[in-house]
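Subject: Structure for you to look through

Dear colleague,

I am passing on the structure below, together with some notes on what was found in it. Please keep the model open while you read, so that you can look up each place as it comes.

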Amino acid sequence: ISDAVPRVSILFVLISDFDKLIQSKTANELLAFLNQQFTNMDKICSMNKVTKIETVCEEYVACVGVVPEDKEENDRDGHSPLLTRLLRAAEQ
């Protein structure tokens, strides 16, 4: 079941040179590295009220505009404040 959402902005974060990283680390080291990076991203998203969608391999996907509070803020203030939160998270 899905609901219509008037406006959403999505952030895709990719770990650069991931192919090289795979070759230089053991499986356990790689998992520990990814866990550290994605845990850090989870904290950044939480601090900026950005919604995590998923992680796939070396990619972290997050967005603004999909949760009820975001929809209400978008209706009240427009999408700009939501986009500001997403960009602030991306900069961190």
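**Lys 71 and helix 3**

Lys 71 has its place in helix 3, where helices (H or I, at least four residues) and strands (E, at least two) are DSSP runs, numbered from the N terminus. Before going further, please note that this is a predicted model, in which local features need pLDDT of at least 70 and side-chain atom pairs count only at pLDDT 80 or more, while totals for chains, interfaces and linings use all residues. Residues are numbered from 1 along each chain as its sequence is written, and side-chain values use heavy atoms, with hydrogens and water left out.

Lys 71 is partly exposed, because its relative accessible area is 22%; here buried means under 20% relative accessible area, exposed over 50%, and partly exposed in between (1.4 Å probe, protein chains only). Leaving aside neighbours within four places in sequence, Lys 71 is in contact (heavy atoms within 4.5 Å) with Asp 3, Ala 4, Val 5, Gly 65 and Val 66.

**Salt bridges**

A salt bridge is taken to be a side-chain nitrogen of Lys or Arg within 4 Å of a carboxyl oxygen of Asp or Glu, and by this rule the count comes to four. One of them is formed by Asp 70 with Arg 85, whose closest N and O atoms are 2.6 Å apart. Asp 70 lies in helix 3 and Arg 85 in helix 4, so this pair ties together parts that are 15 residues apart in sequence. Both Asp 70 and Arg 85 are buried.

Arg 85 also meets the side chain of Glu 73 in a salt bridge (2.6 Å, N to O). Because Arg 85 lies in helix 4 and Glu 73 in helix 3, the pair ties together parts that are 12 residues apart in sequence. Through such shared partners, salt bridges join Asp 70, Glu 73 and Arg 85 into one network.

Glu 73 is found in helix 3, which covers residues 68–77, and Glu 73 counts as buried because its relative accessibility is 16%. Apart from neighbours within four places in sequence, Glu 73 is in contact with Gly 78, Pro 81, Leu 82 and Arg 85.

The side chains of Lys 52 and Asp 42 meet in another salt bridge (3.3 Å, N to O). Lys 52 lies in strand 2 and Asp 42 in helix 2, so here the pair ties together parts that are 10 residues apart in sequence. Lys 52 is partly exposed, with a relative accessible area of 37%, and Asp 42 is partly exposed as well, with 30%. Not counting residues up to four places away in sequence, Lys 52 touches Asp 42, Tyr 60, Val 61 and Ala 62.

**The nonpolar core**

Which residues have the most contacts inside the largest nonpolar core? A nonpolar core is a set of buried Ala, Val, Leu, Ile, Met, Phe, Trp, Tyr and Cys residues joined through side-chain atoms within 4.5 Å. The largest one has 17 residues, and those with the most contacts inside it are Ile 15, Phe 18, Leu 34, Cys 45, Val 50 and Tyr 60. Helix 1 (18–24), helix 2 (27–47), strand 3 (59–64) and helix 4 (80–91) each supply at least two residues of this core, and its largest share, six residues, comes from helix 2.

Tyr 60, leaving aside its neighbours within four places in sequence, has contacts that include Leu 11, Phe 38, Cys 45 and Lys 52.

**Two loop residues with positive phi**

Most residues other than glycine have a negative phi. Asp 17, however, has a positive phi, near 55°, and lies in the loop between strand 1 (9–14) and helix 1. Asp 17 counts as exposed, because its relative accessibility is 51%. For Lys 49 phi is likewise positive, near 55°; Lys 49 lies in the loop between helix 2 and strand 2 and is exposed, with a relative accessible area of 61%.

With best wishes
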